[in-house]
Number of protein chains: 2
Amino acid sequence: MAKKQSNNTHKRNIIVGQSGGPTAVINSSLAGVYKTAKERGFDTVYGMLHGIQGFLDEQYVDLSTQIHSDMDIELLKRTPSAFLGSCRFKLPEIHEDLEFYERIFQILDRLEIEAFIYIGGNDSMDTIKKLSDYAIVKGHTQKFLGVPKTIDNDLALTDHTPGFGSAAKYIAASTKEVIRDCLGLSYHKKSITILEVMGRNAGWLTGATALAKTEECEGPDLIYLPEIAFDIDKFLATVKELLEKKDTLIIAVSEGITLADGRYVCELSGDNASVDPFGHRQLQGTATYLAHFLHSELGHKTRGFEFSTLQRSASHISSRVDIDEAFMVGGAAVKAADEGDTGKMVVIDRISDDPYMSSAGIYDVHRIANNERFVPREWVNEDGNYVTEEFINYVEPLIQGDYQPFMVNGLPQHLVLDQNKIKQP
Amino acid sequence: MAKKQSNNTHKRNIIVGQSGGPTAVINSSLAGVYKTAKERGFDTVYGMLHGIQGFLDEQYVDLSTQIHSDMDIELLKRTPSAFLGSCRFKLPEIHEDLEFYERIFQILDRLEIEAFIYIGGNDSMDTIKKLSDYAIVKGHTQKFLGVPKTIDNDLALTDHTPGFGSAAKYIAASTKEVIRDCLGLSYHKKSITILEVMGRNAGWLTGATALAKTEECEGPDLIYLPEIAFDIDKFLATVKELLEKKDTLIIAVSEGITLADGRYVCELSGDNASVDPFGHRQLQGTATYLAHFLHSELGHKTRGFEFSTLQRSASHISSRVDIDEAFMVGGAAVKAADEGDTGKMVVIDRISDDPYMSSAGIYDVHRIANNERFVPREWVNEDGNYVTEEFINYVEPLIQGDYQPFMVNGLPQHLVLDQNKIKQP
């Protein structure tokens, strides 16, 4: 389509922010927003620093001072965490604090913003909903669009979320390597390794450990998702039974597995053990707890293992499908705003499984906000300790392909905010 | 050189084993042994399963049933952990158990072994020393050669050990990603992240976190090696001082840092806290302990973080220099044995820093065994909380270059032992 021309009296500016826990590909969405905005003739593309929180402090940057070339765009796609900085900030209800909203729109007006794009999870979609509602009620013309992001894959209405595929790929690849490590050291000696995976309420990432089951790798032996009540006696019996058949067990558990009575497994360690030497109550890790438990019951060598924040930041082994889709939904949000949409979130629709194809769709954000999406019961086996073929078929396309990191002096290079180019308010 | 021909009456066989904690490149050494042995006209190349321990159970495999092509050789270079399986097994002193040694040489004679190659760390070099001593005393003609291996880089006489470069690369790349993650979430809020790195007595890997300091990354703020006594009061004062200047601190510590009185820092948590809910005494992680300590003293958000066994098994981001050198020393051991050497370990000599060049040298194993090599005091700053430019210049060449993983269905493929081809004794 022809680029729209700006005239001298009215600027067509756009602003984009990043919010919530970062992912390996949230910056690919930012790259998609920037490139598409430039292609569609927007004047200035602003980035808010640390999301809406920094925006309220008038912390923003003209992205053309940061992204100078297509090479920078490619580098941004390979940079983990939030390039612009992120925040965890929930907007007040509109009726609770009108002044708050007026302040936001004053800044938007002053910057001549036509479209506001927010890349984030459930809370961010709540932000889009409130701002677009307020704009409509008050007659403001700015458009508000949400771009999904979360490694947890727990947003409703989208087939999956950008960030999930890369986290799943990192977890599956690391699980393969950990399994090799465990088997290499095992000789006539039983050992149990428990891998703790992120996703407090939704088991998508924990289930992704099943992708480590390949032609040359057995994968984990047991997988426990938070959606299914964890029965520790049944767990012990299952482990005992498996140990009669094999020496080395690898078990994946979600950090959020809970007992039938609603208590987290990591709370089971009791008051004494969960108080640190300084008297603070600490929730012990789920994997560590279960490793202690099994060691106590069975006496074998056990090890608990957390994948930690590398699950969301290991961009050196991100998925090409994921990076491309993250870029696509960023661009689609700009296109939607440019064509007059507001109060919507871009989603990923799965067009086909074989070959895998996807496209960007769009939904009213009122239908999305604050709904968590869980692994369906029928995608977990009857015993509740492994995912089914359907689960694997769903995830597998999302970890395919690579963007080779740009290696400089032996390490992946990142694009990092040039602080000298940030105008202070 | 011309290939030696075997005749029908006497086989020229060779056997290779892997021992100790695995690395990302120990299989590249195995590949180097196999390829060089074939090129030099050895008949059968046996692999002992789980090192000398499996060998004593007559567990071995003809490697030609496992490695079918140059493609398999390349895949082996990209496979972490010990392809043949590893063990932790220290041979008795010769005078303590002559029968033990006789049994080993009976098996060697029956398999018509001419050369015995052992890939491992200090304990493995001890094995080479004892077996070659015994052979000389008893008039056996087999040659015994050691190939160095350890991520800890603590072997004497070699400039560095195969496995160290890849572990350093994984740690430095992950540290960069963790730093991006921490900074992305930090906004007017102080936070401290403590990274715990392997290397109980030697700080080579902990120091390698300094490589994360690049043109676009500040790197860690403080680095504490086990070679220097840890002063917790001074540590607290340094952290307080830094927090006046910046919000986000990243601190790398060795798992083995100790106080001046010799106690491990991870022992400081006291009896109560280090007893798990089942009454077992557990050493709490060093990073977790220090995170609790700082949180207690300063009140800021703190997080402890362990890199875990991925430090030794993350072959998906291994160093090309490391893989090539691991291959080289494997081949050099075969060459040395073929030319009549015994009781020696191959080492890596650094020929030049700029450009980096290395070659394989060879040392009498009696000079090597059971000597640990530490980071020199002058490669740590005066305050004992960062490494110097000399340290960085030493490590940097060792993390350069990549072997792209062979990706199958989105994940790195490995070469795995075909159990069906293993002859049972």
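This is a predicted model: local features need pLDDT of at least 70, side-chain atom pairs count only at pLDDT 80 or more; totals for chains, interfaces and linings use all residues.

Across the interface of chain A and chain B, two salt bridges are found, and 28 residue pairs are in polar contact, both residues being at pLDDT 80 or more.

Which parts of chain A supply at least two residues each to the side that touches chain B? They are helix 2 (51-56), helix 6 (164-185), helix 10 (286-298), strand 9 (301-306), helix 11 (310-313) and strand 13 (411-412). Helix 6 of chain A gives the largest share, 13 residues. Sorted by class, this side of chain A holds 27 nonpolar, 32 polar and 14 charged residues. The contact as a whole draws 73 residues from chain A and 73 residues from chain B. Between them the two chains bury about 5900 Å², with 60% of that area on carbon and sulfur atoms.

Salt bridges also occur within a chain. Over all chains the structure has 50 of them, and one joins the side chains of Arg110(A) and Glu58(A) at 2.4 Å, N to O. This pair links distant parts of the chain, 52 residues apart: Arg110(A) belongs to helix 4 (residues 98-110) of chain A, while Glu58(A) sits in the loop between helix 2 and strand 3 (60-62) of chain A.

**Two sheets**

Now for the sheets, one taken from each chain. Strands of a sheet pair through backbone hydrogen bonds, in either a parallel or an antiparallel sense. In chain A, four strands make an open sheet in the order 7-8-6-9, with parallel pairing. Strand 7 (222-224) and strand 9 of chain A are the edge strands; each has a single partner, so one side of each has no neighbour in the sheet. From one strand to the next, the twist averages 15°.

| Strand pair | Sense | Bridges |
|---|---|---|
| Strand 7 and strand 8 (residues 248-254) of chain A | parallel | three bridges |
| Strand 2 (residues 45-48) and strand 3 of chain B | antiparallel | three bridges |

At the level of residues, Tyr224(A) has Val253(A) in strand 8 of chain A as its bridge partner. In chain B, Tyr46(B) is opposite Asp62(B), which belongs to strand 3.

**Backbone details**

Most residues other than glycine have a negative phi, and most peptide bonds are trans. Which bond joins Asp354(A) and Pro355(A), cis or trans? The bond is cis, with omega about 0°, and Pro355(A) lies in the loop between strand 10 (344-353) and strand 11 (356-364) of chain A. In chain B, the peptide bond from Asp354(B) to Pro355(B) is cis too, with omega near 0°; Pro355(B) is in the loop between strand 10 (344-353) and strand 11 of chain B.

Finally, have a look at Glu112(B), a residue other than glycine whose phi is positive, near 55°. Glu112(B) is placed in the loop between helix 4 (98-110) and strand 4 (113-120) of chain B.

Key:
Residues are numbered from 1 along each chain as its sequence is written. Chains are lettered from A and ligands numbered from 1 in the order in which they are written. Side-chain values use heavy atoms; hydrogens and water are left out. Contact means heavy atoms within 4.5 Å. Buried area is the accessible area (1.4 Å probe) that two parts lose on being put together, summed over both. A salt bridge is a side-chain nitrogen of Lys or Arg within 4 Å of a carboxyl oxygen of Asp or Glu. A polar contact is a pair of N or O atoms within 3.5 Å; within protein, one must be able to donate a hydrogen and the other to accept it, and residues adjacent in sequence count only if both atoms are side-chain atoms. Ala, Val, Leu, Ile, Met, Phe, Trp, Tyr, Cys and Pro count as nonpolar, Asp, Glu, Lys and Arg as charged, and the others, Gly among them, as polar. Two strands pair if DSSP finds at least two bridges between them. Axes are lines fitted to C-alpha atoms, for helices over the stretch in contact, and angles run from 0 to 180 degrees between N-to-C directions.
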